[in-house]
Amino acid sequence: MQAPLGNLVPADTDSGGERQTEARAGRAHFQPCKWPPVNHCQSSPSTVVTLPALQEVQHPGMKWTEKQKRTYTGSTLPGEKKGLTRCDKCACFLLFEPLLYLLDTTSVPFPQSYSPEYVESGWYQWWEKEGFFTPEYHINPEGRTFSLCIPPPNVTGTLHLGHALTVAIQDSLARWRRMLGCKVLWVPGCDHAGIATQSVVERRLLREHGKHRQDYGREEFLREVWKWKNEKGDEIYHQLRKLGASLDWSRACFTMDEGFSRAVTEAFVRLCDSGLIYRSEALVNWSCALGSAISDVEVEMKQLTGRTLLSVPGYEKRIEFGTMVTFAYPLEEGEVSVSTTRPETILGDVAIAVHPEDPRYKDLHGRACRHPFTERLLPIIADALVDKELGTGAVKVTPAHDHTDFLLSQRHSLPHLTVIGGDGHMTSLCGQWLEGVRRFDARERVMEALMEKKMFRGRRDHPMSLPVCSRSGDVIEPLLRKQWFVRCGEMAGKAIQAVDDGELEIIPSFYTKTWRNWLSNISDWCISRQLWWGHQIPAYRVSLPNSKNNQEELWTWGRTEEEARQRAVTKFKTLPSDITLSQDTDVLDTWFSSGLFPFAMLGWPRKTPDLAQFYPNTILETGSDLIFFWVARMVMLGTELTGQLPFKQVLLHSLVRDKHGRKMSKSLGNVIDPLDVISGVSLERLQEKVKEGNLDPRETTVAMEAQRKDFPKGIPECGADAMRFALCSHKIHGEDINLSVSQVLSCRHFCNKMWQTVKLFLIILSLRQISPLSSIDRWICSQLYSTVLQCERGFENYELHSVTSTLQSFWVHSLCDVYLECVKPVLAAGNGAEDGEVQRARQILFHCVSVSLALLSPFMPYLTEELWQRLQPHGGTADPSTSLCVQGYPQSSQLIDLLAYCFQYLICINPPGCVIVWVVCTPTQAKTLLRFAPAVNTLARISNLHLHYPDDGENSPHVPSAPRPPKGCAVGVVNHSCQLHLDVQVVKIPVQRCYHADACLHKLFWLSLLFRLRVISWINRRTQSPNAERRSSVRCSSYMPKLEHRNIKRRFQSV
């Protein structure tokens, strides 16, 4: 009995409104015809959730049809291998009865269509329980290792698309290396996020109990934080598992764990001993909203072009920025006008500064003016730091609240007057009329007072850069504080030298210049944070009896209080009983502990086996925005504390933006939760999330309107595999990535293409065991070889977008559109399982699909695992208890290179009927075409292929050369030695069948398209059609634009 493969009809002929959308996106090219499904199985490990209606959703940039959801409901216990239940009477995945004879009673139920929820259930728990992600699972006699760490996400947050991109890239690299046989260690971690976590818990306590942290005390408040962490802290790990990240969870570390805290203390003590950490009074970037200092890299500069009203935490009304105020200081005779953007700091002024070469103020050098509120005399100093063109050219000097003014005070020995406190209120130095007033309210009072004193001279728009806290959105207040600092100059020099000497490679290389410029101008790093949640600084203030100078601070440090006491005894030459120690209440900057991650996660400072085997890490992969926050600090601290670079390569990817190229922001409503893309979400739930946030009401309105415009029916269920594949399909080096959900949905359609293809293969394949590949088709195997080769190069060069595009092109265009079409007649004509040609075709199909699934596994772990496991009973040689993720990754050295050029002579002229083609070529080319004659005849739909070649003795084919082509043929030139001749006189071209663009364009080599156009051009000339298109040109690419499709169609129709 012959397989009725003719019942498989092109998807293009399917009815329904969703065909066009999905066909373009990579839907399965062939579908079963509309036969009633056969189902003898009473139970199946899946449940179909029938939706009220299939709704086609359309709006600019997005079009999708809601699908039926299928969930896996098998009896498989968590951690066990997913049960692919067998059925007594049928294969439930068959949609029409005539193909039942191909299957025996061990058929595996196969859902009709791809469902992410069905496919992704069960596998991860099994992978994790079996230990596939641990390096101990892999025995590697060569000792090859691959190690990296995940940028630890904040324990408070949820993953965003930037995290998802990092996970997709890192997991692809880790899975690829694991399949190559390396012992891979990819360590998960979570950052304690001092500022963010403390803020979340404080808001919770205030909301639920009406208390502030000060009402609890430090110890009790920290117990509340740990309680919250134990309740909510694992959510981030759940999200990482949902993304399919192959992390070694047995080594997961939290930056506040006991072992990690020990490493932080050790690092601080060692750096203090070496003089790289010191305590000093200096201006720091202070967030009044947080009540803490922040580092330079946590300050965002907001560019203002003029007067702008901005929201500031703690203020009901918006505050005006982007203006410059001018007022006068009285002299003994006359006045001097100064300009400032911060009139509220006038009470902290200690001098007036002018440029020494400014002719307007040369007579004022060395003189003094009187403060309009305090009557203090302020010296007028000359310094080249002053910009003559800024305002009036004379500036007020407030050293305690401006970085430039602080430098002037050091040059000219000026005092420091702090008039704004850490809470953002004016201090007692301002007098009773301003004491306790909020800083921006004080600004208005000062200006009113200047007007009353008739010292106000005007206000105008002024472009400026406003420093804003990236954590709280508060306007930064420079404050003078005694803090702990890391001396960065020497360590930065070593980091620059490591890159210059090639010891550390930064990819892409253009970031090398950025690296050098930033580290060359680095300032010392303030690591003190005025928080309770975090690593309390292991430094102790020393109090001695009868100290003559109580104002002088005496400090020591140690791994424990007892060690600190012994250090103090030695340092201050006194008895232990005379020493009173009080530990610094501040905590260390979160980035200090994160900077230790590459070696602290391996057990440092202890000499552990992991540290010996996996340090330095092989690579660090992260977003380019962390090059200063995290990467540079890891390099500096790692080199200083371990004597080695923490990693050998730094791979930086671009930032993810929305489809319009905008930065993702909650206030814009364009932040996308990866889990929403994976599982789907309604518009109503999206808008609930916006309302649950802490946005300003006006921002909430804008965000919700943007969501209604972009996602009128919500976000469709796409699955983790599709999202990972879509993220890796972008070029990650260079410009930012503009990602839209439509791109992810297109990748879901590609997943469905794979699903339908394997379903068809399982129908074609006999359930009897297929032996390992014994004979191969030269063309498809050469394409497969080329695909494997390009995947190797792409992975080695970290060009994942080239790998994904190569794999998708091979599966859709080479395997499905060309090869499957070519062998369908062979399979349909087979006379049983013993037919050699049929058996060979099945073997080739199995080989190509198996290798392709292995190639795709790093990007689509769930879908490839599901399909690979279903293929194994039909000829797999792997251990049935193992997983695809630990199989060998296909390598070009293991495949046969089969002269990929052979199939380039394939032609596809497409007209039906009796078509005769002559090929004028060399004897060698004739031999090639003879080997591929059946494929050429099938794909080109020709009845006779005649080969004319010169006699070359022994090199000539065994088939005699055909006569020369008759005159009047259309001629297509393949190359200098090969020509194609078509006898168009016998070709009848009915308009309705002359063009099948959707069915054939993707399976044609571009040379065949060139030939088609030349044939058309020749026919046009013969018929002398006045409207015929005379030009015959084609782009040398794997497909043609829609406009060219229409042009070809018009040419055929004009004949």
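Ser 147 touches Leu 185, Phe 614, Pro 616, Asn 617, Thr 618 and Ile 619, leaving aside residues up to four places away in sequence; contact here means heavy atoms within 4.5 Å. The model is predicted, so local features need pLDDT of at least 70 and side-chain atom pairs count only at pLDDT 80 or more, while totals for chains, interfaces and linings use all residues. Residues are numbered from 1 along each chain as its sequence is written, and side-chain values use heavy atoms, with hydrogens and water left out.

Ser 147 belongs to strand 7 (residues 145-149). Strands (E, at least two residues) and helices (H or I, at least four) are DSSP runs, numbered from the N terminus. With a relative accessibility of 2%, Ser 147 counts as buried; buried denotes under 20% relative accessible area, exposed over 50%, and partly exposed in between, with a 1.4 Å probe and protein chains only. The side chain of Ser 147 reaches the backbone oxygen of Phe 614 at 3.0 Å. Between the C-alpha atoms of Ser 147 and Ala 174 the separation is 8.2 Å in space and 27 residues in sequence.

Beyond residues up to four places away in sequence, Ser 172 touches Arg 724, Cys 728, Phe 795, Leu 800, Pro 858 and Phe 859.

Helix 10 (residues 403-412) has Asp 405, Phe 406, Leu 408 and Ser 409 buried. These residues lie on the same side of helix 10 because they cover an arc of only 160° around the axis, the arc being that of the directions from the helix axis to the C-beta atoms. The buried residues of helix 10 pack against strand 11 (277-287), strand 18 (351-354), strand 21 (394-397) and strand 24 (477-486). At the start of the helix, a side-chain oxygen of Asp 402 comes within 3.0 Å of the backbone nitrogen of Thr 404. Ser 413, which follows helix 10, has a positive phi, near 55°.

In strand 39 (residues 978-982), four of the five residues are buried. Strand 39 runs antiparallel to strand 36 (residues 916-920), to which four bridges join it; two strands pair if DSSP finds at least two bridges between them. Leu 980 of strand 39 is the bridge partner of Val 919. Strand 39 also pairs with strand 38 (residues 970-975), in the antiparallel sense and over five bridges. Here Asn 975 stands opposite Cys 978, and a hairpin of two residues joins strand 38 to strand 39.

Definitions and conventions: A polar contact is a pair of N or O atoms within 3.5 Å; within protein, one must be able to donate a hydrogen and the other to accept it, and residues adjacent in sequence count only if both atoms are side-chain atoms.
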